[in-house]
Amino acid sequence: MGLKYISFIIISFFTIYLFGLSFISSFQDNIYVFLVLLFLILGILNSIIREFFLISKKDKKFLKFNFEDIFFVFLGAFIAYVLNIYLKQGAIIAASLVGIISSSFLKNKSIPIYTGAFAGMVSPDLYHDFYHIIIVSLITGIFYVLSKDVFKGIGGKLGATAFVSWVLLSFIFDFSFIKGEFYYDLDFVIFFISFLGVFLTFFLQYYLNKDLVASSSILSLLGALIFPVIFFEKGVDLSVLFMASTFAGMSTDKKINNFAFMVLVSFFVSIIFVYSYSHFGGGGGKLGTISFGCVLGVKGICNFFNRHNIFILKK
């Protein structure tokens, strides 16, 4: 089995695992949300199956193991971790600053650096040591290289590679993630913030021709600075949601191809954000995985609707 298949299987499995736990949580809270998420899970499975056949048809050329990319992933994780933990800037501001700096001065390597930043977004409340960040950075770098030809153009994939690395690390060193609790109800504000993140990131990329990494990181930084002032305590969680939604907006225009798709993705991002809140808390990359799974899920749902000639979700 090729290395790209290994990365495909692992990323797919842990994405489904996170969404499956969120799915179960929704059943315990709201049966209507549970039924809605059932369609999303089926959509994710549809997209994963289609992706498997897609990569199996591609050239079976030898994968070039790019150690330079691994180094830049490690560098991004290290800088984000120092800003986050030692300089106490917080995960969102730390990762955003890494993204802004890399897109300004190292544009050709901004994507692996930003990927590494997600690995550095660990909570100070999560039990870990410094050597954990070294190991998880290297694992993330390896997954980044292995998954380059897998799920291309799907927003959030970069974060998913960091998420997988943290989950694998937890298995190796037997530590537990934080079990948080979301204290707010799903409301219009949550849905609107999610949509705003997806829309603005996509708009900056494809209508104002801004850099992919810069679009997400600048918006995330603004959200981290503004939302706590406007929404007070709730603003902290909203800034996290906003950053998660910008990752969905990093999808290519071949994946997010119309307004209805964008609305559906942001709708599901907000729901999964709430119902995954108590799962895998504190580890890096979870926000990207939320967006990654939602884009996959909506893409799968669109495939179904398009096959049955339902116009609203067609290109």
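Trainee: What kind of model is it, and what pLDDT do local features need?

Mentor: This is a predicted model, in which local features need pLDDT of at least 70 and side-chain atom pairs count only at pLDDT 80 or more, while totals for chains, interfaces and linings use all residues. Residues are numbered from 1 along each chain as its sequence is written, and side-chain values use heavy atoms, with hydrogens and water left out.

Trainee: How many salt bridges does the structure hold?

Mentor: There are four. A salt bridge here is a side-chain nitrogen of Lys or Arg within 4 Å of a carboxyl oxygen of Asp or Glu.

Trainee: Which residue does Lys-109 pair with?

Mentor: Lys-109 pairs with Asp-69, and their closest N and O atoms are 3.0 Å apart. Asp-69 sits in helix H3 (residues 67-86) and Lys-109 in the loop between H4 and H5, 40 residues apart. Helices are DSSP runs (H or I, at least four residues), numbered from the N terminus, as are strands (E, at least two).

Trainee: Are those two buried or exposed?

Mentor: Both Asp-69 and Lys-109 are buried. Buried means under 20% relative accessible area, exposed over 50%, and partly exposed in between (1.4 Å probe, protein chains only).

Trainee: What about Lys-148, where does its salt bridge go?

Mentor: Also to Asp-69, at 2.5 Å from N to O. Lys-148 lies in the loop between helix H6 (130-146) and helix H7 (157-173), so its pairing with Asp-69 in helix H3 ties together parts 79 residues apart in sequence. Lys-148 is partly exposed at 35% relative accessibility, whereas Asp-69 is buried at 2%. Glu-68, Asp-69, Lys-109 and Lys-148 are linked in a network of salt bridges.

Trainee: And what does Lys-234 pair with?

Mentor: With Asp-187, the closest N and O atoms being 2.8 Å apart. Lys-234 belongs to helix H10 and Asp-187 to the loop between H7 and H8, 47 residues apart. Lys-234 is buried at 15% relative accessibility, while Asp-187 is partly exposed at 26%.

Trainee: Moving on to helix H11. What is its reach from first C-alpha to last?

Mentor: Helix H11 (residues 259-275) reaches 25 Å over 17 residues, close to the 24 Å expected at 1.5 Å a residue. The expected span is 1.5 Å times one less than the number of residues.

Trainee: Why is H11 largely enclosed?

Mentor: Because 12 of its 17 residues are buried, including Phe-261, Val-265, Phe-268 and Tyr-275. The buried residues pack (contact being heavy atoms within 4.5 Å) against helices H1, H2, H8, H10 and H12.

Trainee: How many residues of H12 are buried?

Mentor: 18 of 22, which leaves H12 mostly covered.

Trainee: Which residues form the nonpolar patch on the surface?

Mentor: Phe-27, Ile-31, Tyr-32, Leu-35, Leu-38, Leu-42 and Leu-45, with about 700 Å² of accessible area together. H2 gives the most, with six residues, and Phe-27 is found in helix H1. Such a patch takes residues with over 30% relative accessible area and no salt bridge, nonpolar side chains being joined within 5 Å and like charges within 9 Å. Accessible areas come from the Shrake-Rupley method with a 1.4 Å probe, and for residues only the protein chains shown count as cover.

Trainee: Last topic: how many disulfides?

Mentor: Zero in the whole structure, a disulfide being a pair of cysteine sulfur atoms within 2.5 Å.
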